[in-house]
Amino acid sequence: SEENEYTADERFLKDYKNIEPIGQGGFGNVFKATAKTDEITYAVKRVELKKKEKREVQGLAGLQHENIVRYYCSWEGLDYVTYPDSRQRSQTKRPCLFIQIEFCEQGTLEDWIENNRQNWGYHERAQKKFLQILEGVNYIHSKGLIHRDLKPQNIFISRDDKIKIGDFGLVTSVAYETLTENRGTKSYMAPEQFFDKYGKEENGFE
């Protein structure tokens, strides 16, 4: 397979078509792509392969809930990496982890809030979405995990208007309460995350 402007990974190019970027952040790039076998459109996340990046796959693979982004598969490959700060592409191919997950047609909760906050019935609809977020968070906690970066940009909405919690790059076990550094997005972090210890309570912080 030949490279296209977004990826040079052999498996990505061989198994998918209509590859186009739909987002990027501190943890990598996200693409919308259609699988050639089943003709279904998925989201495929590409992150530079490091030990901690496998945490997202391991966290997602064990979660099955209607309010959690569904995980399908993952693979390791070689690709150019786009750095989020500079948007510069790496000079050489680097080991990457590709994660195939459910594609949420309505985008992020952040987009939904921006587009609907002035509309009639917004508060009632927002409350229903918040209750779905609580369902998802309670399920994550029931598995002994905490998300650590729960924010509107990491919460998605499916075609049938269901909330889907995603971006598990910072997921951790409740057993690991002591951190060497605080993690998460500062404006959405619970106060406990700025100190040494925190547990399940932090995901309930608003």
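This report describes a strand hairpin and several salt bridges in a predicted model.

Residues are numbered from 1 along each chain as its sequence is written, and side-chain values use heavy atoms, with hydrogens and water left out. Because the model is predicted, local features need pLDDT of at least 70 and side-chain atom pairs count only at pLDDT 80 or more, while totals for chains, interfaces and linings use all residues.

Helices (H or I, at least four residues) and strands (E, at least two) are DSSP runs, numbered from the N terminus. Strand S2 covers residues 28-35, and six of its eight residues are buried; buried means under 20% relative accessible area, exposed over 50%, and partly exposed in between, with a 1.4 Å probe and protein chains only. S2 pairs with strand S3 (residues 41-48) in the antiparallel sense, over six bridges. Two strands count as paired if DSSP finds at least two bridges between them. Thr34 stands opposite Thr41 in S3. Five residues lie between the two strands of this hairpin, where Glu39 takes a positive phi near 60°.

**Salt bridges**

A salt bridge is a side-chain nitrogen of Lys or Arg within 4 Å of a carboxyl oxygen of Asp or Glu. By this rule the model has nine salt bridges. Three of them are listed here.

| Glu66 | Lys162 | 3.8 Å |

The salt bridge of Glu66 and Lys162 links distant parts of the chain, 96 residues apart. Glu66 is in the loop between helix H2 (54-61) and strand S4 (71-79), and Lys162 is in the loop between strand S7 (155-157) and strand S8 (163-165). Glu66 is partly exposed at 47% relative accessible area, and Lys162 is also partly exposed, at 26%.

Glu102 counts as buried, with 17% relative accessibility, and Lys164 is buried at 9%.

Glu105 is partly exposed, at 40% relative accessibility, whereas Arg159 is exposed, with a relative accessible area of 67%.

Elsewhere, Arg11, Lys14 and Asp15 are linked in a network of salt bridges.
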